[in-house]
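The sequence and the model are shown below.

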Amino acid sequence: MAERIAPARRRGYREGLGGEMLAEFLGTFVLILLGIGSVAVALVGLPGSGRQFVDFGPANWLIICWGWGFGVIFGVYVAGGISGAHLNPAVTLAFTVRRDFPLKKLPAYWLAQLLGAFVAAALVYACYHWAIDAADAKAGLARDQSLGTYSIFATFPAEYFGDSWWGPLLDQIVGTGILLLLICALIDLKNVAPLANLHPFLIGLVVVAIGMTFGTNAGYAINPARDFGPRLFTYFEGWGDIALPGTFGWFSSYWWIPIVGPLIGGVIGVLVYDLLIKPVINARARAMEAQEEGPATEDV
């Protein structure tokens with residue numbers, strides 16, 4: 001009797017790139033949902049709810065910094081075991097340049113990250129549009145004139161930069177460079193990488209630190225999807241030129257800076273780590289191996 005040959009099982013989309021895209025989508029969604037949500041609390045939620053009686057100040061900025069930090073932590077925990085939890089096109093590009101990630105997957109990861117950020121912005125708006133409308137009405141501003149409520153979702157440069165693009169671009173390069181440099185250090189098992197799955201927590205603290213040190217220059221996007229996904233949403237929702245092309249008062253055509261700056265900075269960050277730190281770690285590891293494998297000496 002001939003043996004029955006079981007038909008080959010079709011590979012489900014969740015097992016391959018499709019599953020990784022789902023993880024990147026949901027991880028980025030969580031990151032942006034908590035991050036933007038914290039900005040909404042600080043800018044319109046607390047002031048409009050009757051729970052705050054002073055103007056926006058340092059305490060509100062701390063809410064924002066910690067909100068984005070927690071967003072990173074939980075977004076990475078959601079997606080880390082499936083896709084590596086890039087959650088940021090700058091991270092994906094940097095790891096591709098580093099040859100830690102295949103180039104053919106890069107467009108799919110970018111798309112998933114962008115969609116996750118867009119949907120998260122839409123959900124935050126759905127929850128806070130009453131507070132947003134109340135804030136605009138109190139300020140006597142039409143939506144396409146309201147930089148304050150727009151800034152819940154996407155970034156803009158500080159007024160002291162004027163219409164200069166170089167200052168905000170440098171800020172985004174530096175901020176994202178720091179992010180990738182420290183990510184490389186935290187995941188390098190040959191260095192002093194944390195154990196017990198603490199990577200997401202410490203990477204979140206990196207984002208908190210960047211917000212506290214560079215955040216006020218340009219809103220510390222340090223992530224093209226984080227800025228462009230919500231920026232697209234605000235354009236469709238009526239913020240007009242403030243969103244795209246990113247023009248208001250002292251700045252114009254700003255939309256490209258939170259995209260190009262992080263992509264450049266991310267690559268620089270991994271190159272700095274790989275050129276300055278990784279060779280030293282590898283050289284010391286080789287020296288230790290040579291000492292352990294040296295010729296045995298006879299006891300006298």
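## Basis of the report

The structure is a predicted model.

The buried residues are Pro 89, Ala 90, Val 91, Thr 92, Ala 94, Phe 95 and Thr 96. The elements that cover them include α4 (106–139), α6 (166–187), α8 (224–239) and α9.

## Packing of α3 against α9

Helix α3 spans residues 89–97 and helix α9 spans residues 257–292; their axes come within 8 Å and cross at roughly 40°. The two helices are therefore oblique to each other. Their crossing is right-handed.

On the α3 side, the contact is formed by Pro 89, Ala 90, Leu 93, Ala 94 and Val 97, while α9 contributes Pro 262, Leu 263, Gly 266, Val 267 and Val 270. Of the residues in this contact, nine are nonpolar, one is polar and none is charged.

## Annotated transmembrane regions

An unreviewed UniProt entry lists residues 21–46, 66–87, 108–131, 169–189, 201–222 and 254–276 under "transmembrane region".

Over residues 66–87 the chain is 82% helix and 0% strand, with 18 Å between the end C-alpha atoms. Residues 108–131 are 100% helix and 0% strand, and their end C-alpha atoms lie 35 Å apart.

Note on methods. Residues are numbered from 1 along each chain as its sequence is written. This is a predicted model: local features need pLDDT of at least 70, side-chain atom pairs count only at pLDDT 80 or more; totals for chains, interfaces and linings use all residues. Side-chain values use heavy atoms; hydrogens and water are left out. Axes are lines fitted to C-alpha atoms, for helices over the stretch in contact, and angles run from 0 to 180 degrees between N-to-C directions. Helices (H or I, at least four residues) and strands (E, at least two) are DSSP runs, numbered from the N terminus. Angles under 35 degrees count as roughly parallel, over 145 as roughly antiparallel, 65 to 115 as roughly perpendicular and the rest as oblique. A crossing is left-handed if the near helix is turned anticlockwise from the far one by less than a right angle, and right-handed if clockwise. Contact means heavy atoms within 4.5 Å. Ala, Val, Leu, Ile, Met, Phe, Trp, Tyr, Cys and Pro count as nonpolar, Asp, Glu, Lys and Arg as charged, and the others, Gly among them, as polar. UniProt positions are given in the numbering used here, feature names are shortened, and annotations may be inferred rather than shown by experiment. Buried means under 20% relative accessible area, exposed over 50%, partly exposed in between (1.4 Å probe, protein chains only).
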